[in-house]
Structures are given as structure tokens and as C-alpha cells.
Amino acid sequence: MKELLTYIVKNLVNDPDAITITETEQDDSVVYELRVAPEDMGRVIGRHGRIAKEIRTLMKATGNRENKKVSVEILD
């Protein structure tokens, strides 16, 4: 799942080298903490948060296939 998130975000940002994703797993849930370059933050969040919402939806759907709860946090 981390590879999917990395692939999605790399195709959105201008500086793919600045992407860091931290994965925290507890029981049946996984939390991904996503950090990007400050100038790419708007690209990842999108207008009115639409892109961030769609990223979270895709990751939750992928997690459902593996019976895990997935959440994505976009950090500064």
C-alpha cells in the first residue's frame, strides 16, 4: 500500500525527492504520515481538499481488500 501512495504522490508533485512517508501499523489499522515540499502542499491537498480526499478514498479501498483500516495524514 505504501508503494501505491508513493506512486500517486510522485505524479502530483514537482519535487518527488522531498516526499517522505512514515507507516505506523497497529493491530488492524495502518496510518501513513505524508510529508511533501512546502511548495507542493497545495498540489497534494487540492482545491477544497478534493485531491487529499480522493487519495484517502483510494487508500481506504486498498486497505479494505486486506481487511485493514487505513488513514493518511498530510503533515507540514
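Trainee: Where is isoleucine 8 found?
Mentor: Isoleucine 8 is in helix H1. Helices (H or I, at least four residues) and strands (E, at least two) are DSSP runs, numbered from the N terminus.

Trainee: What kind of model is this?
Mentor: This is a predicted model, in which local features need pLDDT of at least 70 and side-chain atom pairs count only at pLDDT 80 or more, while totals for chains, interfaces and linings use all residues. Residues are numbered from 1 along each chain as its sequence is written, and side-chain values use heavy atoms, with hydrogens and water left out.

Trainee: Back to isoleucine 8. Buried or exposed?
Mentor: Isoleucine 8 counts as buried because its relative accessibility is 17%. Buried means under 20% relative accessible area, exposed over 50%, and partly exposed in between (1.4 Å probe, protein chains only).

Trainee: And what does isoleucine 8 touch?
Mentor: Not counting residues up to four places away in sequence, isoleucine 8 touches Ile55 and Leu58. A contact here means heavy atoms within 4.5 Å.

Trainee: How far is isoleucine 8 from valine 44?
Mentor: The two are 36 residues apart in sequence and 9.5 Å apart in space, C-alpha to C-alpha.

Trainee: Let's zoom out. How many helices and strands are there in the chain?
Mentor: Three helices and three strands. Along the sequence, the pattern reads α-β-β-α-α-β.

Trainee: What share of the residues in the chain is buried?
Mentor: Buried residues make up 30% of the 76.

Trainee: Which residues in the largest nonpolar core touch the most other members?
Mentor: Leu5, Val9, Tyr32, Val36 and Met59, out of 17 residues in that core. Helix H1 (2–10), strand S2 (29–35), helix H2 (41–45), helix H3 (50–65) and strand S3 (69–75) each supply at least two residues of this core. A nonpolar core is a set of buried Ala, Val, Leu, Ile, Met, Phe, Trp, Tyr and Cys residues joined through side-chain atoms within 4.5 Å.

Trainee: Where do nonpolar side chains tend to be in soluble globular proteins?
Mentor: In soluble globular proteins, they tend to be buried together.

Trainee: Take methionine 59. Where does it lie?
Mentor: Methionine 59 lies in helix H3. Its relative accessible area is 0%, so methionine 59 is buried. Leaving out residues up to four places away in sequence, methionine 59 touches Met1, Leu4, Leu5, Tyr32, Val70 and Val72.

Trainee: And what is valine 36 in contact with?
Mentor: Leaving aside neighbours within four places in sequence, valine 36 is in contact with Val9, Val13, Ala18, Ile19, Met41 and Val44.

Trainee: New topic, aspartates. Is aspartate 40 buried or exposed?
Mentor: Aspartate 40 is buried, with a relative accessible area of 1%. It lies in the loop between S2 and H2. Not counting residues up to four places away in sequence, aspartate 40 touches Val13, Asn14 and Asp15.

Trainee: What about aspartate 76, buried or exposed?
Mentor: Aspartate 76 counts as exposed because its relative accessibility is 83%. It is found in the segment after S3. Aspartate 76 touches Arg35 and Met41, again not counting residues up to four places away in sequence.

Trainee: How many positive and negative side chains does the chain have?
Mentor: There are 12 positive and 14 negative ones, and the centres of the two sets lie 7 Å apart. Lys and Arg count as positive and Asp and Glu as negative, while His and the chain ends are not counted. The place of a charge is taken as NZ of Lys, CZ of Arg, CG of Asp or CD of Glu.
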